[in-house]
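Hi there,

Here is the structure I promised to send over. Have a look at it first, and then read on for what turned up when I went through it.

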Amino acid sequence: MKPLGVGIVGIGHAGREHFKAFEENPDAEVRAVWAPSRNRLNLFPGADDLFASSYEAMLDRKDIDIISLCSPNYAHADQAVMAVAAGKHVICEKPLATTLEDCERIVRAADRRPELKFMVGQSARFNPICKTIKRLYDGGDLGEAFYAEADYLHNIERRIKDWWADSQNPHFGLMGGGVHPIDLLRWIVGDIEEVYAISNHKVIADFPHDDACLMNFKFENGCMGKMAAFLGCQRPYELNLAIYGTKGTVINDRLYLSKIEELEDFMPLPITILAEHPTFGEEMGHFVDCILNDKTPMIDLRDGAKSAATCIAGGESIETGRPVVVKNAF
């Protein structure tokens, strides 16, 4: 069987990681790369001959089965709708889109082509410690969650890209970073019903958006939650995840279970906590397997839309100073 042909849109960090992950997969082959500018094409070893003349030309090619969207967040909607209409499977980097209208537009387009696979690239779900916490919760070891929290702690000051600072990317702290912990919490505990968020701008002076966002929320099942997305942290990167349940608590790689009566402290979990972007190989492998074996992707289109919608609600809350109900019906 021939490998699936891949066309990658965007040649930034995510695009390069997608390129590498697909090239290392025996069932996939990168056959085209496109971006509005070739300025950073030198960062793609061997990709110069693959550069397409336009996005439309890439979509017209019959030897391309998958479109990998690693473009600016605000461009996802138009490009995703075009890709689906052209009969391509799509993996779209998080967030799915930056407005509810665009999320809905992508869902409507994909619903017209149910034979195609569409996955949103929430890479943190493939982190070993996050998968372990998910299994602990699903298996009932922690009981029912009454509180859950996650943090995205980063310093992006030296790696700000032009489009991150674009006015078309409102509340970038939530959409660009906060969507990771939000998606993990939704994945494990369930959909979020209502949010209240605040933010400030104290660290990255040249960044046009607030660089620290804090969100409190209520899950549909009554659990309480909190998410922090700090982009100007004067500390190393960290993605934290904690679930407090009726039978136990897990905080990253530390576990406490009430059924072990003699337990006096957290037990260490000898599970690797990976750095920021190490899981693309497994992520792309999962998507290719879903296409070849007709499986539903772990982060399907509606799942990705809900995570984006939660962040969008957070942005609205920051602007209005009021709690906002999250749209979960897509």
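This is a predicted model: local features need pLDDT of at least 70, side-chain atom pairs count only at pLDDT 80 or more; totals for chains, interfaces and linings use all residues.

C290 counts as buried, since its relative accessibility is 0%.

The nearest cysteine sulfur to C223 belongs to C130 and is 16 Å away, and C223 is in no disulfide. For the structure as a whole, the number of disulfides is zero.

Next, the inside of the protein. The largest nonpolar core has 105 residues, and the members that touch the most others are L96, F118 and I243. The element that gives the most to this core is helix α6 (residues 172–189), with ten residues.

Not counting residues up to four places away in sequence, its contacts include A80, V84, V90, C92, L96 and I106. Also touching F118 are F287, P297, I299, D300 and L301.

F118 turns up again at a pocket. The second largest pocket is lined by 13 residues, and those nearest its centre are L116, K117, F118, D300 and L301. Two elements give two or more residues to that lining: α4 (100–111) and α8 (301–320). The second largest pocket holds about 250 Å³ of space. What kinds of residue make up the lining of the second largest pocket, by class? Seven are nonpolar, five are charged and one is polar.

While you are at α4, look at D102, which is found in that helix. Is D102 buried or exposed? D102 has a relative accessible area of 16%, so it falls under the 20% limit and counts as buried. Leaving aside its neighbours within four places in sequence, D102 is in contact with A77 and A97.

K94 and P95 are joined by a cis peptide bond, with omega at about -15°. P95 sits in the loop between β4 and α4. Most peptide bonds are trans, and most residues other than glycine have a negative phi.

- N252 is not a glycine, yet its phi is positive, near 55°. N252 lies in the loop between β11 (248–251) and β12 (254–257), and it is buried, with a relative accessible area of 16%.
- D294 is not a glycine either, and has a positive phi of about 50°. D294 is placed in the loop between α7 and α8, where it is exposed, with a relative accessible area of 63%.

S71 and G15 are 56 residues apart along the chain, while their C-alpha atoms are separated by 7.9 Å. S71 belongs to the loop between β3 and α3 (76–85). S71 counts as buried because its relative accessibility is 5%, which is under 20%. Setting aside residues up to four places away in sequence, S71 touches V9, H76 and Q79.

One more loop to finish. D265 is in the loop between β12 and β13 (267–268). Is D265 buried or exposed? D265 is exposed, as its relative accessible area of 52% is over the 50% limit. Ten residues separate D265 from L255 along the chain, and the distance between their C-alpha atoms is 8.7 Å.

Happy browsing, and do write back with any questions.

Best wishes

Note on methods:
Residues are numbered from 1 along each chain as its sequence is written. Side-chain values use heavy atoms; hydrogens and water are left out. On a 1 Å grid over the protein atoms alone, a cavity is a set of points where a 1.4 Å probe fits but cannot get out, and a pocket is an open set with protein on both sides within 12 Å along at least five of seven lines; lining residues have an atom within 4 Å of a point. Grid points are joined across faces, edges and corners, and a volume is the space filled by probe spheres set on the points. Helices (H or I, at least four residues) and strands (E, at least two) are DSSP runs, numbered from the N terminus. Ala, Val, Leu, Ile, Met, Phe, Trp, Tyr, Cys and Pro count as nonpolar, Asp, Glu, Lys and Arg as charged, and the others, Gly among them, as polar. Buried means under 20% relative accessible area, exposed over 50%, partly exposed in between (1.4 Å probe, protein chains only). Contact means heavy atoms within 4.5 Å. A nonpolar core is a set of buried Ala, Val, Leu, Ile, Met, Phe, Trp, Tyr and Cys residues joined through side-chain atoms within 4.5 Å. A disulfide is a pair of cysteine sulfur atoms within 2.5 Å.
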